[in-house]
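Subject: Handing over a structure

Hi there,

Here is the structure I promised to pass on. Have a look at it, and then read on for what I found in it.

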Amino acid sequence: MALHSKPAKGAEADLLRSPLPTPHWGSQGGSAFTVRAVATINATPTAVLDSLLDTSHYPAWNNFVPKVDLPSPSDTRLAADVLFTEHVDMFGQGKPSGLVKMKLLMTTLKEKDEHNGSKSYEVVWLGKAYPDWALRSERVHAISCDKEGVTTYDVWETFSGPLALLVRLFVGNTLVKRFKQWNEELRDYTEARTHA
């Protein structure tokens, strides 16, 4: 399945063996691969960004990552230069005992004024669960709005390093399903909150 800039319905996801470059690691070769999902969302880019960064509402909409730990228990919003822990439900079992903890660093939050008066955003999370020599991962969230007012949420994560092959073999297809689910749930939650 080829991903387009605007999926016809809901969300699309795919595993790309030709990895997409990322801001920190750039172009990757060897066993590198990318998991990518794209969704259209009937809400402003700012509303989508707010849903993405406000981790206090993750339990309400996010079955892939139902919990996030931030450095201070009183923090509920992701910000640049913040190291955080995702509690990942990789196989969708919904059991706290089945959650895997993954450390990430939010490295980037870029905002850009678009010609149509809207804003676009780029948020980047750098994987910190493994040493860089073993596994490098970087997740890019791109949120933009076209001239018709349709918001596109495009998220991809590129994996590289010696362990990337094992990640692809053992959980690559699962990651595709879960990224698609993340996009669908983010879309449904943001649209319901925006149009309530």
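Let me start with the charged pairs: the structure holds 10 salt bridges, a salt bridge being a side-chain nitrogen of Lys or Arg within 4 Å of a carboxyl oxygen of Asp or Glu. Before I go through some of them, please keep in mind that this is a predicted model, in which local features need pLDDT of at least 70 and side-chain atom pairs count only at pLDDT 80 or more, while totals for chains, interfaces and linings use all residues. Residues are numbered from 1 along each chain as its sequence is written, and side-chain values use heavy atoms, with hydrogens and water left out.

**Salt bridges**

One of the bridges joins Arg36 and Asp154, whose closest N and O atoms are 2.6 Å apart. Arg36 sits in strand E2 (residues 33-41) and Asp154 in strand E8 (residues 151-160), so this pair ties together parts that are 118 residues apart in sequence. The labels follow DSSP runs numbered from the N terminus, with helices (H or I) of at least four residues and strands (E) of at least two. Are these two partners buried or exposed? Arg36 counts as buried at 17% relative accessibility, and Asp154 is buried too, at 11%. Here buried means under 20% relative accessible area, exposed means over 50%, and partly exposed is in between (1.4 Å probe, protein chains only).

Another bridge links the side chains of Asp50 and Arg77, at 3.0 Å from N to O. Asp50 belongs to helix H1 (residues 45-53), and Arg77 to the loop between strand E3 (67-69) and strand E4 (82-88), so parts 27 residues apart in sequence are tied together. Both partners are partly exposed: Asp50 has a relative accessibility of 26%, and Arg77 a relative accessible area of 40%.

Asp113 and Lys119 also meet through their side chains, with 2.5 Å from N to O. In this pair Asp113 is exposed at 56% relative accessibility, whereas Lys119 is partly exposed at 27%. Elsewhere, salt bridges that share partners connect Glu86, Arg139 and Glu157 in one network.

**Helix H1**

How many of the 9 residues of H1 are buried? The number is 7, so this helix is largely enclosed by the rest of the structure. The buried residues of H1 are Pro45, Ala47, Val48, Leu49, Ser51, Leu52 and Leu53.

**Loops worth a look**

The loop between E3 and E4 contains Asp81, which has a positive phi of about 70° although it is not a glycine. As background, most residues other than glycine have a negative phi. Asp81 is exposed, with a relative accessible area of 65%.

Ala79 is found in the loop between E3 and E4 as well, and is partly exposed at 32% relative accessible area.

In the loop between strand E6 (119-127) and strand E7 (136-145) you will find Lys128, which is partly exposed with a relative accessible area of 35%. Setting aside neighbours within four places in sequence, Lys128 is in contact with Leu83, Lys103, Leu104 and Leu105, where contact means heavy atoms within 4.5 Å. From Lys128 to Arg17, 111 residues away along the chain, the C-alpha separation is 22 Å.

**The whole chain**

Stepping back, the protein chain has 3 helices and 8 strands, in the order β-β-α-α-β-β-β-β-β-β-α along the sequence. Its radius of gyration is 16 Å, close to the 16 Å that the globule rule gives for 196 residues, so the chain is as compact as a globular protein of that length. That radius is taken over C-alpha atoms, and the rule is 2.2 Å times the number of residues to the power 0.38. The C-alpha atoms fill a box of roughly 45 × 35 × 30 Å along the principal axes.

Of the 196 residues, 49% count as buried. Among contacts between residues at least 6 apart in sequence, 57% join residues at least 24 apart.

Enjoy exploring the structure!

Best wishes
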